[in-house]
Amino acid sequence: MPTLPTVTVLVPCRNEVRHIVECLDSLLAQDLPPDRCEVMVVDGMSDDGTRELVRDHAARHPRVRLVDNLPRTTPAALNTGIREARGDVIVRADAHVLYPRDYARRLVAALEETGADNVGGVLATIPANDGPVARAIAVAMAHPLGVGNSYFRIGTKEPRWVDTIAFFCCRRELFDRVGFFDEDLLRAQDAEFNSRLRARGGRILLVPDVVAHYYARATFRQVARMFYQYGYFKPLMARKLGRVVTFRQMVPAAFLLALVGSAALALAVPLARPLFAAVAGTYLAAVAIAALRSAPRLGLRATLALAVVFPVLHLSYGWGFLRRLFEFAVRPAGRAAHPVEIPLSR
């Protein structure tokens, strides 16, 4: 690529002491000319030692910069990084992801060669540790039953125009045209941005053979919290856009309503018990089939954990979605009654 643009790799993070060194090492190993690429860590005032590790890297590698993110939220980190970026192209990275050597170069090449406005690769989900729960969570995060048709998670064989991607690789000037990330959306800010981009005629390309490795959450509690937050911010995103972007956003909430509604009806009207049995039985059968198909590579304990992970994902997301709808109903112009603490990492 003789006319390779300058590139800023933007890494929002907060309290990522476990993964930040591996992440930075993989980004410093990118096969881009050192004088054409900077790595900028926008840190939400970490207090676990992350900042010291980043400073150490910056002292040894002039390409690494540490920038403060005082609001400590993901969209604020992204907007700060975009304003501070020196590159013509910005590649968003994540602090608990490992990147192949050609990751940034190939995304920039796709951006230059295809006419896309935004490009991204696939996330290959890897367990946070060797325990059965962590391995089950990693499987669920890349399974259609767990995440629907999110192609950047489940993969695709061919390059595909999509509605959203995990991170982004785009020209700096795109933000002048489309605007920055919405800082009200502590989650789903990337989906909302990509929806605005598509509404203005922009195109988003998923490149299937550019694969980064993403460390999934380690415990039921962590993944429940993350999916609750995903669900909680989706109605706000829809209200801002004036529409629901994809049908899959509503499925967990619809399922939870159907489950609770049919259960309540069955308690009041015995003749309604078959309805509850049909709703619960169909769902449990789908979970059992998905778990059993994964059993040969997971083993017994992780298979049983997987059968729990799927309901944790769906019910947490659905509850977050419904709670936000309820808050909108009782306070149409208000924000959340109890602000949710959001970690910066995906």
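This is a predicted model: local features need pLDDT of at least 70, side-chain atom pairs count only at pLDDT 80 or more; totals for chains, interfaces and linings use all residues.

A: Residues are numbered from 1 along each chain as its sequence is written, and side-chain values use heavy atoms, without hydrogens or water.

A pocket is found on a 1 Å grid over the protein atoms alone, as an open set of points with protein on both sides within 12 Å along at least five of seven lines; a cavity is a set where a 1.4 Å probe fits but cannot get out, and lining residues have an atom within 4 Å of a point. Points are joined across faces, edges and corners, and a volume is the space filled by probe spheres set on them.

The lining of the largest pocket holds 39 residues. V147, S150, F227, R248 and Y317 lie nearest the centre. Several helices give two or more residues each, among them α9 (189–199), α10 (220–241), α12 (273–298) and α13 (300–330). Helices (H or I, at least four residues) and strands (E, at least two) are DSSP runs, numbered from the N terminus. By class, the lining has 20 nonpolar, 12 polar and 7 charged residues. Here Ala, Val, Leu, Ile, Met, Phe, Trp, Tyr, Cys and Pro are nonpolar, Asp, Glu, Lys and Arg charged, and the others, Gly among them, polar.

Two of these helices, α12 and α13, also pack together. Their axes are 8 Å apart, at an angle of about 140°. Axes are lines fitted to C-alpha atoms, for helices over the stretch in contact, and angles run from 0 to 180 degrees between N-to-C directions. From α12, residues including Y283, V287 and L298 make the contact (heavy atoms within 4.5 Å). They meet α13 residues, among them L300, F310 and H314. This contact counts 12 nonpolar, 3 polar and no charged residues.

The largest cavity has a volume of about 50 Å³. Y103, L107, G120 and F168 are among its lining residues. Strand β6 gives the largest share, 4 residues. Helix α4 (103–114) also gives two or more. The cavity lining has 9 nonpolar, 2 polar and no charged residues.
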